[in-house]
Amino acid sequence: MINPTPPMIGVSSSTSKNKAGSILCSVGQAYIQAIQRAGGIPLIIPVGIDPSNLQSLTSRLDGVLFTGGGDIRPQYYGGENHPKVSGLDLERDRLEFELLKPALEMDLPLLAICRGIQVLNVGLGGTLYTHIQDQLPGAIKHDWYPDFPRDRIAHTVSVVQESKLHYILGESEVSVNSLHHQGIEKLGHGLKPVATAPDGLVEAVEVMDARFALGVQWHPECLPDSIPMQRLFKAFVDACIPQSA
Ligand code: MN
């Protein structure tokens, strides 16, 4: 069999500023490496892209990775304001919601990580805890950042049997890192919860009826030595491989 064409995977970016004060489009290297390790070609989708160009770009992609980052503006989902809400990037919010809609309509494979699962949930009409610690009774610590290594194992998640995630990971329980202070409160339309933390927080969702549309609240790209997390990226990139005509 000939090697399949490596799929081109759009990676959502964020805005940052360098020391000289210039505004940059940024993507963590770990995402780029994880996609390439699994056989895909990463392509950064810049914050600031025109909506018409975004549409044209999306139609040429084989898959989309929604990356982690700051909080979504709570107004998008009627969320309770909280002093811990941080890292708002309104242009990024707009870009990612504009990207999500056609991606779902085209049934493009998508993997949504950390902030990404929250974008997926809010984009489908769900809501978020704006600060888990104050709003989810009995919550464990999920915000192992910024003073901890990003690959620090923070808690387990139990994976729902017979879910796509379970099939991919090959495990009913996996150990994950946890670098978030927000999380899914009410599920968006058409989402199925497929993994939960020990305190009951939803940590992974699947879009029902999609070819491959999966969100995880942890950061698999920061766990390159975890075999289940390697399997997750491999399954995503494989799902993105263009079907030959
Ligand atoms: Mn967590």
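## Definition and basis

A salt bridge is a side-chain nitrogen of Lys or Arg within 4 Å of a carboxyl oxygen of Asp or Glu. By this rule the structure has 7 salt bridges.

The model is predicted, so local features need pLDDT of at least 70 and side-chain atom pairs count only at pLDDT 80 or more, while totals for chains, interfaces and linings use all residues. Residues are numbered from 1 along each chain as its sequence is written, and side-chain values use heavy atoms, with hydrogens and water left out.

## A bridge between two loops

Asp107 pairs with Arg211, with 4.0 Å between the closest N and O atoms. Asp107 belongs to the loop between helix 3 and strand 6 (110-113), and Arg211 to the loop between strand 12 (202-207) and strand 13 (213-216), so the bridge ties together parts 104 residues apart in sequence. Helices (H or I, at least four residues) and strands (E, at least two) are DSSP runs, numbered from the N terminus.

Asp107 is partly exposed, at 26% relative accessible area, and Arg211 is partly exposed at 42%. Buried means under 20% relative accessible area, exposed over 50%, and partly exposed in between (1.4 Å probe, protein chains only).

Glu96 and Arg115 form a salt bridge of 2.8 Å, N to O. Glu96 lies in helix 3 (residues 90-105) and Arg115 in helix 4 (residues 115-123), so this pair links parts 19 residues apart in sequence. Glu96 is buried, with a relative accessible area of 0%; Arg115 is also buried, at 1%.

Lys234 and Asp238 form a salt bridge of 3.0 Å, N to O. They stand 4 residues apart in helix 7 (residues 227-240), a separation of about one helical turn.
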